[in-house]
Amino acid sequence: DKAHRGLSASRPPTASHIPFTPSHTSIRAPPQRMSFLSVLSTILGWVYFLCWSASFYPQLFLNWKRKTVDGLSFDYLNYNFLGFLAYSIFNCAFYFNSLIQEQYFDRHGGDDIPVELNDVVFAVHALCITSIIILQCFIYPKGPNNQNSIVCMAICTTIWLASYVLLLLSCSGIVLWLNYMYWFSYVKLFITFVKYVPQAFMNWKRQSTVGWSIWQVTLDFSGGMFSLAQVLIDAVDTGNWSYVTGNWSKIGLSFFSLFFDSIFLVQHYVLYPQRDEASWRTAWNETMVLLLGERNATSFLVNDDSVQDVPKGSVLYESGELPR
């Protein structure tokens, strides 16, 4: 949830990365580092950025292909939107705001901030794609399990209210702006921990992962591995372990993502493999009927009896458009 993520250790020391402020005298320019580990860190940063960024598109495409959001947890989407909004605020503030940077240097020392350009791009990109997927929920048919729970709404409302109160305290000088930005990183960390639970529960309840893209999970798992590796390499390369101790958000995001992605992989390939395989064939048949029409799609249909394995109560089961 997958970002879900990104707080990498350093950024390339280019002039374009200096925040636009009236005076740059308070900003410490990062030193030039061209070691092998530095280059490897940069490569890993963009690799996990690509993995995590690409992980959003399989779900977007799957919803479009099936013309339904049945099987996708609305609680998961609510958590995801709130998490990436908080993460975008955190990354943009660290990358562009000189006051946040100075407060970070005073607390942790060193000359590097723990946010890179790919972190900013990833967070904003993830927020945009999540918004589009939410829009799909207003367009495509829903399943009987597509409802927002009271628990989810209560958690999201509490986070919004707490963020507003902390904003007032920061404006009053009671809370440091750095601490306020850290609050958003903790929000993202908490959201990453809880957001996968509704989807895992829905898969268990339906005894199926149909409607939940396994490619999204696979890419998310890969991104978590590369992200974790980058943090450790940056700490070893610079000898500054504040990249770890001052970056618990990224460490936690990576571990939480890997843990829940492992659960989804087990659900898909071990617990419900036959049912998913049959339901995927049914989803293909339905797509052919929708795109080509029932008469023209006859030669493209695969194993019509596979509809027997579609979870009862789902949109696919109730559609009635396929031959049974």
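The largest pocket of this model is lined by S73, F74, D75, P144, N145, Q147, N148, S149, P198, F201, M202 and K205. A pocket here is an open set of points on a 1 Å grid over the protein atoms alone, with protein on both sides within 12 Å along at least five of seven lines, and lining residues have an atom within 4 Å of a point.

Before I continue, a word on the source. The model is predicted, so local features need pLDDT of at least 70 and side-chain atom pairs count only at pLDDT 80 or more, while totals for chains, interfaces and linings use all residues. Residues are numbered from 1 along each chain as its sequence is written, and side-chain values use heavy atoms, with hydrogens and water left out.

To return to the pocket, about 240 Å³ of space lies in it; a volume is the space filled by probe spheres set on grid points, which are joined across faces, edges and corners. Helix 3 (74–96) and helix 7 (177–206) each supply at least two lining residues, and the largest share, 4 residues, comes from helix 7. Helices are DSSP runs of H or I, at least four residues, numbered from the N terminus. The lining divides into 5 nonpolar, 5 polar and 2 charged residues.

I turn now to the largest cavity, where a cavity is a set of points at which a 1.4 Å probe fits but cannot get out. Its volume is about 40 Å³, and F56, Y76, L77, N80, T130, I133 and Q216 line it. Helix 3 gives the most to this lining, with 3 residues, and helix 5 (117–139) also supplies at least two. Of the lining residues, 4 are nonpolar, 3 are polar and none is charged.

Two of the cavity-lining residues, I133 and Q216, are also in contact (heavy atoms within 4.5 Å) with Q59. Q59 is found in helix 2 (residues 57–66). It counts as buried, because its relative accessibility is 1% and the cut-off is under 20% relative accessible area with a 1.4 Å probe, protein chains only. What lies 3.0 Å from a polar atom of the Q59 side chain? It is the backbone oxygen of G211, and the backbone nitrogen of S213 lies 3.1 Å from a polar atom of that side chain.

Finally, W52 is found in helix 1 (residues 36–54) and is buried, with a relative accessible area of 0%. The W52 side chain reaches the backbone oxygen of D220 at 3.0 Å. W52 and G224 are 172 residues apart in sequence and 8.0 Å apart in space, C-alpha to C-alpha.

Technical notes: Buried means under 20% relative accessible area, exposed over 50%, partly exposed in between (1.4 Å probe, protein chains only). A polar contact is a pair of N or O atoms within 3.5 Å; within protein, one must be able to donate a hydrogen and the other to accept it, and residues adjacent in sequence count only if both atoms are side-chain atoms. Ala, Val, Leu, Ile, Met, Phe, Trp, Tyr, Cys and Pro count as nonpolar, Asp, Glu, Lys and Arg as charged, and the others, Gly among them, as polar. Lists of a residue's contacts leave out its neighbours within four places in sequence.
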